[in-house]
Protein chains: 2
Amino acid sequence: MKAKAIKQWCAGLACVAAMLPMRTVQADQTLVQASKDPEQWLMPGKDYGATRFSALDQIDARNVGNLQMAWVFSTGVLNGHESAPLVVGDTLYVVTPYPNILHAIDLTKPGGDLKWSYTPNPMAAAQGVACCDVVNRGAAYAEGRIFFNTLDNHTVAVDAKSGKEIWKTKLGEIDDGETMTMAPLVVKGKVLVGNSGGEMGVRGKLSALDAGSGKVVWTAYSTGPDKDVLIGDGFKAPYADGNEPDLGVTTWPENAWKTGGGAVWGWVTYDPELDLIFYGTSNPAPWNHAQRPGDNKWTASIFARDPDTGMAKWAYQWNPHDVYDHDGVNESLVLNLKIDGKQRQVLAHAARNGYMYVMDRTNGRIISYEPYVPVNAFTGVDMKTGRPIPNEAKVPEPGKVTENICPAAPGGKDWQPMAFSPRTQWLYVPHNNLCMDFKPVQTNYIRGTPFVGAEVAMTAGPGGHRGFFTAWDPVKNQKVWQIEEKFPVWSGALVTAGDVVFYGTLDRWFKAVDAKSGKELWRFRTGSGIIGQPITFSGPDGRQYVAVLAGVGGWAGAVVAGNLDTRVPYGALGFVGATTDLPQYTTEGGALYVFALPQSRTQSADAQAQDAQAEAESDARAGQQQ
Amino acid sequence: MKAKAIKQWCAGLACVAAMLPMRTVQADQTLVQASKDPEQWLMPGKDYGATRFSALDQIDARNVGNLQMAWVFSTGVLNGHESAPLVVGDTLYVVTPYPNILHAIDLTKPGGDLKWSYTPNPMAAAQGVACCDVVNRGAAYAEGRIFFNTLDNHTVAVDAKSGKEIWKTKLGEIDDGETMTMAPLVVKGKVLVGNSGGEMGVRGKLSALDAGSGKVVWTAYSTGPDKDVLIGDGFKAPYADGNEPDLGVTTWPENAWKTGGGAVWGWVTYDPELDLIFYGTSNPAPWNHAQRPGDNKWTASIFARDPDTGMAKWAYQWNPHDVYDHDGVNESLVLNLKIDGKQRQVLAHAARNGYMYVMDRTNGRIISYEPYVPVNAFTGVDMKTGRPIPNEAKVPEPGKVTENICPAAPGGKDWQPMAFSPRTQWLYVPHNNLCMDFKPVQTNYIRGTPFVGAEVAMTAGPGGHRGFFTAWDPVKNQKVWQIEEKFPVWSGALVTAGDVVFYGTLDRWFKAVDAKSGKELWRFRTGSGIIGQPITFSGPDGRQYVAVLAGVGGWAGAVVAGNLDTRVPYGALGFVGATTDLPQYTTEGGALYVFALPQSRTQSADAQAQDAQAEAESDARAGQQQ
């Protein structure tokens with residue numbers, strides 16, 4: 001859909017008014033449909049499949065070089081800004097890192113007037129148990145409400161119009177080391193939210209809250225007996241070793257599953273066709289794997305669940321007995337692809353372990369996997385068992401430093417979400433090129449304190465650069481083109497029908513790249529390093545805008561956000577080792593940057609409206625000729 | 001001088017190299033000359049006269065509508081950003097509010113690479129004694145060094161190339177309520193710096209430090225005996241009542257001068273012709289005037305001093321026995337104007353009391369004064385005595401609320417510096433339209449705590465808007481044109497040879513206005529309210545840039561920066577009363593915004609250089625024809 005198409009309806013000031021009814025979201029049952037509206041952006045992943053693809057094409061590969069900054073909005077908060085803005089009707093919403101303020105910005109006003117700000121006033125002590133900066137990955141819209149999580153373990157529902165709190169539900173304890181940083185997904189009237197704290201020995205879980213009342217409908221733990229994990233009759237693991245009962249207990253030393261991690265701090269996706277949600281679980285705790293012999297199910301795994309009951313349909317463990325902090329929380333995109341001549345219902349998942357997986361989402365079986373970064377920690381995946389094959393030389397022994405393990409703890413890719421274009425049929429992957437030296441050390445569980453047991457120092461991977469932005473063909477499961485970046489690319493990706501891909505860098509560049517060729521078309525230097533998720537929307541004026549939060553931080557930017565000592569590579573769980581030079585490139589500072597193509601300043605609003613009218617008529621004529 | 005003129009020298013990449021020698025500052029004795037170089041910006045007021053006029057004209061009234069944001073740099077600090085960036089050679093410097101970080105940015109790199117950041121690590125407790133946010137008004141360049149003040153009363157000299165600290169001199173005690181927020185002025189190898197704390201009962205002073213060593217050369221107190229005030233043989237007050245000995249003692253109740261304010265937190269200007277510096281002193285302490293009968297000299301005054309010795313040539317008290325917090329610290333621009341057919345050496349001063357003064361800077365006598373805002377606190381100035389004539393109905397009595405006093409405590413204008421264009425011969429004044437209700441209350445001096453004694457609530461002045469941007473003819477001493485602004489205009493002003501005036505607003509707009517007509521030509525919405533001082537410079541690429549710090553705060557923005565309760569109008573010494581709605585318009589967030597005219601993206605750098613060459617040749621031909 002073209003952004004300008006909506007101009008057909010209107011002229012002059014009447015335009016805005018005429019568009020308003022179109023730019024609202026009516027009821028929950030329409031969310032599947034509403035999320036496809038290219039004018040708006042209702043959830044961080046754009047749609048339930050998390051494609052981050054926009055059908056807008058006013059900004060395209062030919063004109064994006066003229067992109068200008070339209071306006072800026074400072075969030076008033078420092079620390080890492082990982083969230084995606086939302087656009088609902090004529091309002092843009094941003095949620096900040098701790099103290100988790102939700103700002104509503106009126107898009108009908110030039111430069112974006114602040115409508116209201118809501119703050120849940122989270123406990124300051126929550127900052128002390130957040131493993132890697134105090135980030136928030138975004139909010140979600142449904143039923144006239146904005147839902148998001150607070151660092152101190154509350155999910156809140158805020159009236160999208162008034163900014164009034166509707167409900168606030170407590171879901172965890174900072175005294176247990178729990179925090180909440182992930183973006184909810186709202187499915188069929190349920191707000192799906194999980195916890196963070198894999199480095200604090202929490203017990204991971206996903207909860208479904210009733211969107212209307214905030215009451216917990218079901219909770220699915222990642223570890224423990226099947227009744228807690230919501231594994232029952234309808235469950236069938238894709239590989240034989242997943243079908244024993246109570247694996248969440250039996251694959252652990254006694255009671256270790258209670259403090260075993262498997263947090264749910266990443267992405268949830270949904271397939272309305274199969275009526276299944278998909279999400280991953282974090283690393284097992286502690287990082288010192290010698291303290292937890294066994295597979296440590298269901299950490300570093302993916303679950304497919306019924307959104308109504310939470311019951312698992314299938315589960316697959318990306319990394320049984322993870323030894324590298326290779327969480328399984330990365331997003332699994334819901335795609336329908338033609339593979340070997342057959343239309344397949346798949347998930348595409350760039351795993352921390354360095355493999356890009358394409359799997360059958362009906363049953364969890366791997367269709368194909370390929371390394372998308374240099375991998376020496378594994379030699380492949382056993383397609384019969386579904387288990388990665390460890391390179392024994394790289395399995396770290398307690399008290400001993402194992403050098404040059406690739407990929408490092410943050411993996412080939414971490415939380416930073418990729419995009420998929422139905423036009424090119426390619427994935428666009430922001431990711432890392434990091435290796436590490438890793439030494440497991442003995443640690444003891446003390447409630448609410450770090451439970452890691454590892455000394456890690458990361459370094460750049462082969463080539464010396466630390467990041468990649470990669471276009472990837474999921475059908476052939478192979479690289480199409482690739483850009484090398486100085487730092488890990490810790491932002492999300494966005495791809496549009498204009499065949500432009502957007503992403504940001506830790507050294508402050510926001511870039512537009514040709515989706516087909518990978519050629520850089522445009523770049524702008526923002527105030528701080530970018531770890532946010534770019535989005536695009538159509539403004540009330542019919543123009544296409546691109547928006548992204550800058551504000552360095554997160555795990556990759558912790559050296560800046562935490563003002564850490566660059567002489568100690570072990571800082572930030574080893575990430576300082578790979579980012580000692582980052583403070584030379586960026587300071588902190590959270591701000592929303594909104595870009596658009598230039599608008600002629602000599603034209604009056606009326607003249608523009610007339611132009612739009614003429615354009616619309618021309619479009620209409622063109623339509624008749626087709 | 002045109003920015004493009006420098007392109008004559010160079011083509012392609014050689015251009016940058018060729019320009020480098022031109023873009024350095026050689027020695028201190030050239031600072032008078034160097035400050036006139038339009039390519040650079042070496043001190044906040046641009047030149048010693050503080051005209052804030054730039055001879056650059058690449059951006060002009062016809063093309064400024066096309067101005068685009070070139071890049072942004074987040075300072076990493078919240079709170080009010082009042083400082084002016086400096087441009088020395090190819091480096092841009094910004095100093096932040098507490099913790100007073102100095103960032104150096106490489107202008108030869110696209111988007112402005114951070115070269116280094118220097119932090120003086122001021123004591124956190126200094127924040128507790130800063131009256132009105134923790135601002136810093138800027139740095140100054142001389143002799144290869146950047147000089148600035150820290151909130152905890154140090155002046156630092158930093159090597160402009162390496163960022164290494166050269167010296168750091170302690171000048172005051174936070175335990176006495178002292179802080180330092182003003183921008184130094186460097187004159188003849190001396191760094192002139194003063195203290196803040198008129199609301200804490202400090203004893204005001206200006207010190208001259210040796211630029212080489214940081215050693216104090218002289219200190220001139222604002223109150224106390226003549227030997228402390230550096231009043232001696234060469235002193236002659238412009239009006240009779242200023243010539244008694246030791247007025248800094250005799251115009252006070254016993255010992256009250258020791259805690260009587262007269263802080264020096266505003267602007268210092270310099271006239272090389274007369275070899276005199278000019279600066280003002282703050283309100284007397286406490287605000288409750290009944291506790292300090294007498295003139296309270298030399299608070300709310302202006303001094304003319306010999307920069308070598310500090311000895312006063314003359315002094316004039318704007319507001320004897322100030323009863324409204326009408327400090328005298330506003331800048332006094334050094335101008336040579338033709339008045340009544342005679343060339344006069346004058347100072348132009350928009351006083352807090354609402355009068356625009358044009359005075360003879362050789363002797364301090366008033367040439368003319370006119371109200372530039374609604375004034376009801378005074379009925380005029382007695383031209384024989386030089387004393388403002390109080391409107392007795394508006395003199396507040398202790399324990400009683402006097403309503404609707406105009407102008408309010410922050411005056412018709414506060415610190416926000418005005419500009420002067422030699423082309424239009426007009427002043428461009430960012431200022432306030434504020435009145436107040438004022439109730440003096442008894443207070444006691446307790447060292448290092450607020451010493452105010454007043455309950456104040458400000459309101460909008462006549463018309464209901466709270467700010468003005470005014471073009472003012474200092475010869476006729478009358479208004480030329482005026483723009484009404486919703487909020488007090490708390491930013492500085494900039495005027496250029498392109499006949500464009502720039503200023504910023506608390507509600508996030510950065511505006512360009514036609515210097516002749518006052519017509520708004522362009523506006524951009526930055527991330528946070530603007531209280532910084534805009535500057536312009538010529539980049540290494542020969543393009544003219546305009547730069548300004550956004551980041552709301554200061555006294556006017558304290559309601560946001562201090563997260564104050566908007567239900568209590570007395571907050572921020574009464575400023576909350578006039579800014580209760582400001583949090584609806586802006587959040588905090590310090591960032592430098594750099595603007596330029598669009599550069600065609602289709603041209604290669606070489607093609608641009610060729611264009612520049614052709615342009616230069618054409619300019620040369622045009623020159624021959626003149």
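**Entry 1: Thr155(B)**

I began with Thr155(B), which counts as buried because its relative accessibility is 0%. The model I am reading is a predicted one. I located Thr155(B) in strand 9 of chain B, which covers residues 154-159. I then looked for a polar partner and found that the side chain of Thr155(B) is joined to the side chain of Asn149(B) by a polar contact of 2.8 Å. I listed the residues that Thr155(B) touches, leaving out those up to four places away in sequence; among them are Phe148(B), Trp167(B), Leu171(B), Met180(B), Val191(B), Val193(B) and Leu209(B). Asn149(B), Lys168(B) and Thr169(B) are also on that list.

**Entry 2: Asp322(B)**

Which side chain of opposite charge is nearest to Asp322(B)? I found Arg292(B), 4.5 Å away. I did find that the side chain of Asp322(B) reaches the backbone nitrogen of His326(B) at 2.9 Å. Not counting residues up to four places away in sequence, I recorded contacts of Asp322(B) with Asn283(B), Pro284(B), His289(B), Arg292(B) and Ala300(B).

**Entry 3: relation of the two chains**

I superposed the copies: chain A can be laid on chain B with an RMSD of 0.0 Å by a turn of 180 degrees, with a shift of 0.0 Å along the axis. The two copies are therefore related as by a two-fold rotation axis. I also noted that 100% of the interface residues of chain A are interface residues in chain B as well, so the copies meet through the same surface.

**Entry 4: the interface**

How many residues does the contact take from chain A and from chain B? I noted 36 residues from chain A and 36 residues from chain B. The area buried between the chains is about 2500 Å², and carbon and sulfur atoms give 52% of that area. I counted 2 salt bridges between chain A and chain B. I looked up Asp113(A), which forms a salt bridge with Arg525(B), with the closest N and O atoms 2.4 Å apart. The polar contacts between chain A and chain B come to 20 residue pairs, both residues being at pLDDT 80 or more. On the side of chain A that touches chain B, strand 2 (68-74), strand 6 (113-118) and strand 35 (520-525) of chain A each supply at least two residues. Strand 2 of chain A gives the largest share of that side, 7 residues.

How values were computed. Residues numbered from 1 in each chain as written. Chains lettered and ligands numbered in written order. Predicted model: local features only at pLDDT ≥ 70, side-chain atom pairs only at ≥ 80, totals over all residues. Heavy atoms only, no water. Least-squares fit on C-alpha atoms with pLDDT ≥ 70 in both. Contact = heavy atoms within 4.5 Å. Buried < 20%, exposed > 50% of the residue type's maximum accessible area, 1.4 Å probe, protein only. Lys, Arg positive; Asp, Glu negative; His and termini not counted. Salt bridge = Lys/Arg side-chain N within 4 Å of Asp/Glu carboxyl O. Polar contact = N/O pair within 3.5 Å; in protein donor to acceptor, adjacent residues only side chain to side chain. Buried area = accessible area lost by both parts, 1.4 Å probe. Helix = DSSP H or I, 4+ residues; strand = E, 2+ residues; numbered from the N terminus.
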